[in-house]
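Please look over the structure shown below before reading on. The report that follows takes up its bonds, strands, sheet and pocket in turn.

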Amino acid sequence: QVQLVESGGGLVQAGGSLRLSCAASGSIFEINDMGWYRQAPGKERELVARITSGESTMYADSVKGRFSISGDNAKNTVYLQMNSLKPEDTAVYYCNSNLRDRGTNRYLELWGQGTLVTVSS
């Protein structure tokens, strides 16, 4: 079974840093892209950053210059380095990936279970 497993959330003071990791595991043929979304209480889920298999990246305007997404293709892992964190970055962060399952040869969109990031002022 293909799945995404996240780690790295926690509590940090404003101005601090955290790094999130997301590893895709299981029978994977190829990964097209991986990304991070977040959902704050009472708000809709929003895209934070995304990286393609060709290492093209995109960021939400609210995190440009503070967050950096990177990937390790050999480990099927994506990282989100978050610097200069603000209280408004507080949210549950979800990993997302579009990939092809080797066993079924089907394209799947997967979500991780979410990891909470809390930024105190």
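## The disulfide

A disulfide is taken here as a pair of cysteine sulfur atoms within 2.5 Å. This is a predicted model, in which local features need pLDDT of at least 70 and side-chain atom pairs count only at pLDDT 80 or more, while totals for chains, interfaces and linings use all residues. Residues are numbered from 1 along each chain as its sequence is written, and side-chain values use heavy atoms, with hydrogens and water left out.

By this rule the model holds one disulfide, and the bond joins Cys22 to Cys95 with an S to S distance of 2.0 Å. The torsion about the S-S bond of Cys22 and Cys95 is about -85°, so the disulfide is left-handed. Cys22 belongs to strand S3 (residues 18-25) and Cys95 to strand S9 (residues 91-101), so the pair ties together parts that are 73 residues apart in sequence. Strands here (E, at least two residues) are DSSP runs, numbered from the N terminus. Buried means under 20% relative accessible area, exposed means over 50%, and partly exposed lies in between, with a 1.4 Å probe and protein chains only. Cys22 is buried at a relative accessible area of 0%, and Cys95 is likewise buried, with a relative accessible area of 0%.

Two strands are said to pair if DSSP finds at least two bridges between them. Four strands form an open sheet with antiparallel pairing, in the order S1-S3-S8-S7. Strand S1 (3-7) and strand S7 (67-72) stand at the edges with a single partner strand each, so one side of each is left without a neighbour in the sheet. From one strand to the next the twist averages 15°, where axes are lines fitted to C-alpha atoms and angles run from 0 to 180 degrees between N-to-C directions.

Within this sheet, S3, the strand that carries Cys22, is joined to strand S8 (residues 77-82) by six antiparallel bridges. Ser21 has Tyr79 as its bridge partner in S8, and Leu20 has Leu80. S8 also pairs with S7 in the antiparallel sense, over six bridges, with Phe67 opposite Met82 and Asp72 opposite Thr77. S7 and S8 form a hairpin with four residues between them, and Asn76 in the turn has a positive phi of about 50°. S8 is mostly covered, since five of its six residues are buried.

## Strand S11 and its partners

Strand S2 (residues 10-13) runs parallel to S11 and is joined to it by four bridges, with Gln13 opposite Ser120. S9, the strand that holds Cys95, pairs with S11 in the antiparallel sense over three bridges, and in S11 the bridge partner of Tyr93 is Thr115.

Ser121 lies in the segment after S11 and counts as exposed at 88% relative accessibility. Leaving aside neighbours within four places in sequence, Ser121 is in contact (heavy atoms within 4.5 Å) with Ala14 and Pro87. Ser121 and Lys86 are 35 residues apart in sequence, and their C-alpha atoms are 7.6 Å apart in space.

## Leu108 in strand S10

Leu108 is found in strand S10 (residues 107-111) and is partly exposed, with a relative accessible area of 25%. When its neighbours within four places in sequence are left aside, Leu108 is in contact with Ser97, Asn98, Leu99 and Asp101. Leu108 and Lys64 are 44 residues apart in sequence and 28 Å apart in space, C-alpha to C-alpha.

## The largest pocket

On a 1 Å grid over the protein atoms alone, a pocket is an open set of points where a 1.4 Å probe fits, with protein on both sides within 12 Å along at least five of seven lines, and lining residues have an atom within 4 Å of a point. The largest pocket holds about 190 Å³ of space, the volume being the space filled by probe spheres set on the points, which are joined across faces, edges and corners.

This pocket is lined by 14 residues, of which Ile31, Met34, Thr52, Ser53 and Asn73 lie nearest its centre. Strand S4 (28-39), strand S5 (46-52), S7 and S8 are the elements that give two or more residues to the lining, and S4 gives the most, with four residues.
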